[in-house]
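Hi,

Here is the structure I promised to pass on. Have a look at it first, and then read my notes below.

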Amino acid sequence: MASEGSSGDSGSDGSGAEARARGGLLRVLNREELVYTGCYCEENIYCLVRDRISDDDQKHFTVAFISNSIKIIPLFYQKASKRPPLPVTWDYHVLLIHHPPSAPATIYDFDTTLSFPCPFAEYYTKTLYGPTSWEEYEGIIDPLQVQAYVANRPRSFRLVGASEYLRTFASTRKHMMNPEGAEGRWLADPPVYPPITCELGDDTLEMFLDFEAPNGSGWGRIVDEEEFWNEFAGEQDKIKVKEKGERGD
């Protein structure tokens, strides 16, 4: 993932023993306390699940890969400011969804400028569709042009259970190696800990990023933007968003 995301320290050697001993649900965390490497969102989420979520609680967490068949996804990450809220464009992104049975869903995204975690409805509307009002940017940018750019690049979501993700994810990080070699071996410096492997091999990342077929070749299932919304938005979220007209569709 070519990322412009927020910075953070690894803050850990990647060991999950201490977290498993503590048990319990994920507490509200400061991003600086977590394992983080810029441009390696799939590994950041892997470490978050492994280190901070007990085995019993993993059933309430889902990993989401965001991409599409053309590997071009626009996401809005700018804070509210006088700058035009133009989307960043990445080939894919990975986040974690917490969906307990008796509380609204929240999203953990290391690169968002929203809260961490962020309520699902807020994250969905602001990250996928941008601001609810474009009036203050009149004369600076053409909102219709921005909205058309986003609409022509619909995002899909591969949803994988947290425990399944820990069992099936592996990466040699070869996708981040510089093919030209002009500025060094890596497009972005890799994590300091060794590459993640699993019982299935040394590299399964491409299977998670296969969005060609209806469900690709990887694990979990692929849903579109509407299905993603319907899966995790609570009924109150749907009512509030409908009343305010916040969704971009």
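Is phenylalanine 116 buried or exposed? Phenylalanine 116 is buried, with a relative accessible area of 9% (buried means under 20% relative accessible area, exposed over 50%, partly exposed in between, with a 1.4 Å probe and protein chains only). Phenylalanine 110 is buried too, at 3%.

Before going on: this is a predicted model, where local features need pLDDT of at least 70 and side-chain atom pairs count only at pLDDT 80 or more, while totals for chains, interfaces and linings use all residues. Residues are numbered from 1 along each chain as its sequence is written, and side-chain values use heavy atoms, with hydrogens and water left out.

Now the overall picture. The protein chain has eight helices and eight strands (DSSP runs numbered from the N terminus: helices are H or I with at least four residues, strands E with at least two). Of its 249 residues, 49% are buried.

On to the rings. Searching the whole structure turns up 23 aromatic pairs (rings of Phe, Tyr and Trp, the last by its six-membered ring, with centres within 6.5 Å; planes under 30 degrees apart are stacked, over 60 edge-to-face, the rest tilted). Phenylalanine 110 and phenylalanine 116 make a tilted one, 5.3 Å centre to centre with 50° between the planes. Phenylalanine 169 and phenylalanine 208 make another tilted pair, at 6.1 Å and 55°. Phenylalanine 169 lies in the loop between α5 (162–168) and α6 (205–208), and phenylalanine 208 in α6, so this pair ties together parts 39 residues apart in sequence. Both of these phenylalanines are buried. There is also one aromatic cluster formed by Phe120, Tyr124, Tyr129, Phe157, Phe228, Trp229 and Phe232.

Tyr129 has a charge over its face as well: arginine 155, 5.5 Å from the ring centre (the rule is NZ of Lys or CZ of Arg within 6 Å of the ring centre and within 35 degrees of the ring normal). Arginine 158 does likewise over phenylalanine 211, at 5.6 Å.

Last, helix α4 (residues 143–151), where Pro143, Val146 and Val150 are buried. Those three sit on the same side of α4, because they cover an arc of only 65° around the axis (taken from the directions from the helix axis to the C-beta atoms). The buried residues of α4 pack against β2 (73–75) and α3 (120–129), with contact meaning heavy atoms within 4.5 Å. Leu144, Gln145 and Ala151 are exposed, on the face turned away from the buried side.

Cheers
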